[in-house]
Amino acid sequence: MSGMTIGALAKAAGVNIETIRFYQRVGLIQAPEKPPRSVRRYADGDLARLRFIKRAQELGFALAEIRNLLTLEDGQGCSTARALAVQKLEIVESRLADLARMRGALKELIALCELRRGKVACPIIATLASGAT
């Protein structure tokens, strides 16, 4: 009997068995037929698909976006895949800008706190209470 059990597939892909079952429920991967008095066997293609999903998630793609990318697997939708990646990059860059602003504000508040050490009013609490950052 060829193919992997769900446990072997999960181990090879570095995911949990429940993750595979979830992906099956949401239609990202298909469950193979279950032979009578036997267990389901997964093919190498299932492993490749799981790895694709995992890599896409590591790049920040949501499952709905991954579903779109999976429809482009044949290589004919490169421009669509590129557009999705450009859109994802814009979101990442926006988040990075937000994080940089947050970092700067926190550094300023910490510096104010250091300058005011021992005084009654805490600049961090006062700034957060006033809504100014």
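## A first look at a helical chain

Glu18 counts as partly exposed, at 44% relative accessibility. Here, buried means under 20% relative accessible area, exposed means over 50%, and partly exposed lies in between (1.4 Å probe, protein chains only). The model you are looking at is predicted, so local features need pLDDT of at least 70 and side-chain atom pairs count only at pLDDT 80 or more, while totals for chains, interfaces and linings use all residues. Residues are numbered from 1 along each chain as its sequence is written, and side-chain values use heavy atoms, with hydrogens and water left out.

**The overall picture**

What is the chain built from? It has six helices and zero strands, where helices (H or I, at least four residues) and strands (E, at least two) are DSSP runs numbered from the N terminus. Along the principal axes, the C-alpha atoms fill a box of roughly 75 × 35 × 20 Å.

Of the 133 residues, 23% count as buried. The chain exposes about 9500 Å², and carbon and sulfur atoms supply 58% of this area. Accessible areas come from the Shrake-Rupley method with a 1.4 Å probe, and for residues only the protein chains shown count as cover. Among contacts (heavy atoms within 4.5 Å) between residues at least 6 apart in sequence, 46% join residues at least 24 apart.

**Inside: the nonpolar core**

In soluble globular proteins, nonpolar side chains tend to be buried together. A nonpolar core is a set of buried Ala, Val, Leu, Ile, Met, Phe, Trp, Tyr and Cys residues joined through side-chain atoms within 4.5 Å. Which residues of the largest core touch the most other members? Of its 21 residues, these are Leu9, Ile20, Leu50 and Ile53. The elements that give two or more residues to this core are α1 (6-13), α2 (17-25), α3 (44-58) and α4 (63-70).

Leaving aside neighbours within four places in sequence, Leu50 is in contact with Leu9, Ala13, Ile20, Tyr23 and Ile29.

**Charged pairs**

Side chains of opposite charge can pair when their charged atoms come close. A salt bridge is a side-chain nitrogen of Lys or Arg within 4 Å of a carboxyl oxygen of Asp or Glu. How many salt bridges does the structure hold? There are three, and here they are:

| Salt bridge | N to O distance |
|---|---|
| Arg21 and Glu18 | 2.8 Å |
| Lys88 and Glu65 | 3.0 Å |
| Asp98 and Arg101 | 2.0 Å |

The bridge between Lys88 and Glu65 links distant parts of the chain: Lys88 is in helix α5 and Glu65 in helix α4, 23 residues apart. Lys88 is buried, at 9% relative accessibility.

Arg21 and Glu18 both lie in helix α2, three residues apart, about one turn of the helix. Arg21 is partly exposed, with a relative accessible area of 35%. Asp98 and Arg101 are separated by about one helical turn because they are three residues apart in helix α5. Asp98 is partly exposed at 33% relative accessibility, whereas Arg101 is exposed at 54%.

**Along helix α5**

Leu84 also lies in helix α5 and is buried, with a relative accessible area of 17%. Leaving aside neighbours within four places in sequence, Leu84 is in contact with Phe61, Asn68, Leu69 and Leu72.

Together with Leu89, Leu96, Leu99 and Met102, Val92 makes a nonpolar surface patch of about 460 Å². Patches are made of residues with over 30% relative accessible area and no salt bridge: like charges are joined within 9 Å, and nonpolar side chains (Val, Leu, Ile, Met, Phe, Trp, Tyr) within 5 Å.

Most residues other than glycine have a negative phi, and most peptide bonds are trans. Arg37 is not a glycine, yet has a positive phi of about 55 degrees. Where does Arg37 lie? Arg37 is in the loop between α2 and α3, and counts as exposed at 85% relative accessibility.
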